[in-house]
Each structure stands twice: as structure tokens, then as C-alpha cells.
Amino acid sequence: MEQVHPTRMELMKKRSQILLAEQGRDLLKEKMEALIQEFFKIMVNFSESREGLEQLAIEADLALLVAEAVDDPVAVKSASYATKRQIMVDIAGKNIMGVPVPVIQKKSVALNVMERGYGLIGTSSRINEAAEKFEAEMDMIIRLAETETTLRRLGNEIQMNRRRVNALDQIIIPELKEQAKYIRFSIEEREREDLFRLKKVKKLIERKKKKKLMASVS
Amino acid sequence: MDNGYVNARVKGMYSRLLDKGSLSNLILKPDISSLITALEDTPYREDLERALVLKPGLSGIEEALRQNFVRTIQKIKGFLEGEKSERYIAIFSSRWDIHNLKTILRGKRIYVPSGQIRENLIPAGEFDEALLSELLKQPDIRSVIDLLATFDVSYAAPLTEVFPEYTEKSDLIILENALDRFYYERVIGLVQGKSTEEQIIRQLVQTEIDLINLKSILMMVRDDIDPDDGERILLEGGRVFNLKKLRVMLKLGSVAGVIESLEGTPYRFLEDLRSTEGDNLKISAYQHLLDEYMIRHAVRLYRGDPLSVTVVIGFLWAKYTEIMNLRIIARCKNALISPEEMEAEMVYV
């Protein structure tokens, strides 16, 4: 055990520390519950979106396969040169129970047939459909990136909180209580010793008084 | 015009095309290796041996198919060199010039290395290797157009005409539309004669224009494109649809409406598909039927006048279809797609 001074002052300090630790633990527990609730709320949508993304990816791959098979991979590659572009996203932030999470703001990646950059006359609808599927997949990926980062940060925060609560519950608070108990016992012990000493002194004084009285009588 | 000798050679080549039974056997091959082995017993053996040295597996097969196609076109051009019929073959082969030119323009716009652009070119058209190499060496779109003008290539004119608009809007569609429009206007101009074979070829090109317009309208209507913007894409000179009719179709506002408006035209078969499959059908499903119609229409020319150049045109379409079918088989085999799904994408002639 940490070296503590068994004084009343120290005991009062320890008691206030215990109170503070218990309040902190309760607050952290409440925060953790709120975070878990938030986590599961997002998780439900995320699971559905994740399945949606997998489905979209399968459909996009199939559309690309059909386009390459029927129209020749060189035609698809040629069209891809015309559609190459950058995707701009603005990343802002917000707080969920003190946890900073990203908010991705972007325009939809999906384009119509006139915006893809290649002429419609020489390009088949199969290539257009493949482009469309991949645009939808890209939209979903960007949306999921926001949700996934939020979930990861919330998860980390929940884990960190749980560790803090456990540390308070199982190490800090018991240790403080142990120290307070030790101080209390030490003080009580010292009080008992003082009482015994006082009684002893009182007895000595009384004995001395008695001796003095006997001497004066004789 | 008597194309007796050429047609006899072409008929020999046609007889070596794979029939439905051979294609069905290829579909049933378990993997790419056995497909390659089976293709080695066909006229593709020589191209396969050459292509597989550089590219293994699926890429090798696709390269071999492309090489075979280029070789076939060049062989036929060789038969017809100096003949009047040569220009009819150019009608068919020039579409690969358009593909090559578009690929170069697209690549130059985003500074793709020349080597990579070259991999996506198909030298089956009128552009020779030297011209393609020179075009690839150019640093930007402006220089590509200038070089076309220097070499007196006809495509320079439409590109030069719309280049200021392209510079202003920086929209590649402007250049591509000008190229496509020029190609079809030129082709229609080439077959304005009154001879039977020119009439037949003109009808084929007009049908192709109709089908392209129909496909474009379906895609634009589905994506709610403003009819005024959409009009820029439409091609003049169709067999059934004139520009007025096309504009009306563009304003119909729904795919179902457009399909219903085909009643009474040779393309009403799209309505049958819609009535069996419903309104949520993909445009590619309609395009598959349109492509099939075009291919059947073109391949039928092979069975026309045995001395006409239309035999050659019919053969080229049949060859193009065979190569497309083989590519579908190879791609689908590689991706473990079922034979039924594979056959749904194929076209038998």
C-alpha cells in the first residue's frame, strides 16, 4: 500500500477522494451507456448499408463483366479515360457525447448520361450501366466511410471508458477505501493508546497523591 | 458490279466461322485452359499462339480475337484494293477509326502515357500504323487535330469546326459528337446511288442510325435529360425516324412511353419485351435486342445477291458477332458465369 499519513486530515482527504472517484465512476458509467446506445443506433443502419454495399459491388462487377464481354475491354477502358475525374468531399466534424466524429459533405458521385464525359452515340448502355453501378458504389462507400469512422471512434471511446470505470471500480476506489480504513484503524489505535496512557498517568497521579496523603497522615 | 472472285474467297472464310454447335461446345468447356485448347482447333490458332506468348489466359484470348479481326478486315481490304467496292468496306471499318480517334482524344485530355493509349487501339480502320503512332506522339488534343489536318485526314474538318466550342466548355462530348455525326453523314453520302447494292447498304446504315437514336433516346429519357440538350445527340438520316419524330419521342418523358410509341415500326419487338418483363427493365436489355436486330439485319446481306459486295458486308458482321460471342464465352468462363447467363448475352446468327 502507498505510504499514507494516518492523520484525521488525511482521512478526510481520502474520504473526499473516494466520493469524487465514485461520482466519476457513476458519470463514466452513464456516459458509457449513452455511447453504447448511440453506437447500436448507428450500427443497425451500418449493417444494412454494409450488406447494401456488398450487393452493389456484386452488381457493379457483373455490369462491368457484361460490358467488357460484349463491348470489348478496350472500349470500356477508352470510355474510362473520358470519365476520369476527382471527387471532392468536405469533411466537417460534430460531437457525440464529447467524441469528435466526422461529417462528410459531398455532392452525389452519380452522373447522368450527358455528364460522364463521353459521347452517347458510340457508347453502349452496358458501359453506362457499369458506370452507374460503380458511381452508386462510390456514393455508398463515402457514406459508409463517415459511419464507419464514427463507429470506430465511438467504439474506442466506449472501450476507454470501460477501462476507466474498471480502473476506478477495481483499483482506485478499493485502494482509497483501504487507505481510509488503515488511517481510521491507525487513528483508533492511537486513540486507544492515548486513552490507555491517560488512564495509566491518572493511576500514577492517583497513586502519588495517595502516597503523599499517607505520608502526611503518618 | 461483279465481285465473283472476292465473294468466293469470302464464302470460303464464312464456311470457317464457328456454328452454333461449336459455340455450344466452347460454352461447356470447364475452364479457360480447356477453352484455349479448343480454340486452337479453330482458325484462331495462329493468332492465339502469337498472343499467348505475350499475354497469358483471358487477356491472350482477347488479344488474339482482336488480332484475328484486324487481320480479317485487312485481308478483305486486300482483295478489294482499287475496286469501287473498297469504299463500302471502309464504311464498316471506319468505325474503328472513330474508336481510335476518340480513345486518343480521351487519353490526351488526361495525359495518359502513349503506350497505355496504344493498348486500347484497334487498327482495323483506315488509319495506318504510322498515322496512329504520330497521333500518339502528340502532346494534346489541339496537336492531334492539327496533325489530322496536316495529314489531310477527313476527320480534321469536323473537329476543327467545333474545337473553339470545346476550348470554351472543355467538354469532350462536343468533339465526340462531331466525329460521330461526321461519320454517319459521310457514310450516308457515300451510298446515295440508285444501284441495288447501294440501296441495300443505305438501308443498313439508316437502320443503324435508327437503332443508335433509339438507344440514345431511351438512355436520355431514363435519366430525365432536357429534350433541348438531348437533341444535340440525335443523328439525322434514319430509316424510320426523322428528326421531328425523334424530338417527339425525346419529350415523351418515360421509357415506357418511348417503347409504346414504337407501335407500327419495325422496332415494336421492344414492346414485347416490356410487356413480358415489366417497366423496370434495364436499357441494356433493350439494347441487346436492338443489337441483335442490327446484326441479323446485316448478316442477312450475306445471303443476298451472290455477286454483290453485300456478301462481304454480311460476312464482316458475322465475323464481328462471332468474335463478340467468343469474348463473352471467355470472359464469362473466367468469372464462372453459368452457361445460361452466358447465352443470354450472346447473339446467334
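Modeller: Two residues are in contact if their C-beta atoms, placed from the backbone, lie within 7 Å. This is a predicted model, in which local features need pLDDT of at least 70 and side-chain atom pairs count only at pLDDT 80 or more, while totals for chains, interfaces and linings use all residues. Residues are numbered from 1 along each chain as its sequence is written, and chains are lettered from A and ligands numbered from 1 in the order in which they are written.

Chain B is divided into domain 1 (4-91 + 187-345) and domain 2 (92-186), with bounds that come from an automatic or database domain assignment. Taken over C-alpha atoms, the centres of domain 1 of chain B and domain 2 of chain B are 23 Å apart. Where they meet, 18 residues of domain 1 of chain B are in contact with 13 residues of domain 2 of chain B. On the domain 1 side, at least two residues each come from helix 5 (57-80), helix 6 (86-109), helix 11 (172-190) and helix 18 of chain B. Helices here are DSSP runs of H or I with at least four residues, strands are runs of E with at least two, and both are numbered from the N terminus. That side of domain 1 of chain B holds 14 nonpolar, two polar and two charged residues. Ala, Val, Leu, Ile, Met, Phe, Trp, Tyr, Cys and Pro count as nonpolar, Asp, Glu, Lys and Arg as charged, and the others, Gly among them, as polar.

The largest nonpolar core has 115 residues, and I217(B), L218(B), V312(B) and I313(B) touch the most other members. Helix 18 (residues 310-334) of chain B gives the most to this core, 13 residues. Domain 1 and domain 2 of chain B both give residues to the core, so it lies between them. A nonpolar core is a set of buried Ala, Val, Leu, Ile, Met, Phe, Trp, Tyr and Cys residues joined through C-beta atoms within 7 Å. A residue is buried if 20 or more other C-beta atoms lie within 10 Å of its own, exposed if 12 or fewer, and partly exposed in between, with C-beta atoms placed from the backbone. Leaving out residues up to four places away in sequence, V312(B) touches V6(B), N7(B), V10(B), I76(B) and I89(B). A second, separate core of five residues includes L28(A), M32(A), L35(A) and L154(A).

S133(B) has 12 C-beta neighbours inside 10 Å and so counts as exposed. Its C-alpha atom is separated by 10.0 Å from that of G115(B), 18 residues away along the chain.

Chain B also meets chain A, in a contact that takes 37 residues from chain B and 28 residues from chain A. Helix 6, helix 11, helix 12 (196-222), helix 17 (283-299) and helix 18 of chain B each supply at least two residues of the chain B side. Helix 6 of chain B gives the most, six residues. The side of chain B that touches chain A divides into 17 nonpolar, eight polar and 12 charged residues.

As for chain A, there are three helices and two strands, in the order α-α-β-β-α from the N terminus. Its C-alpha trace spans about 140 × 25 × 25 Å along the principal axes.
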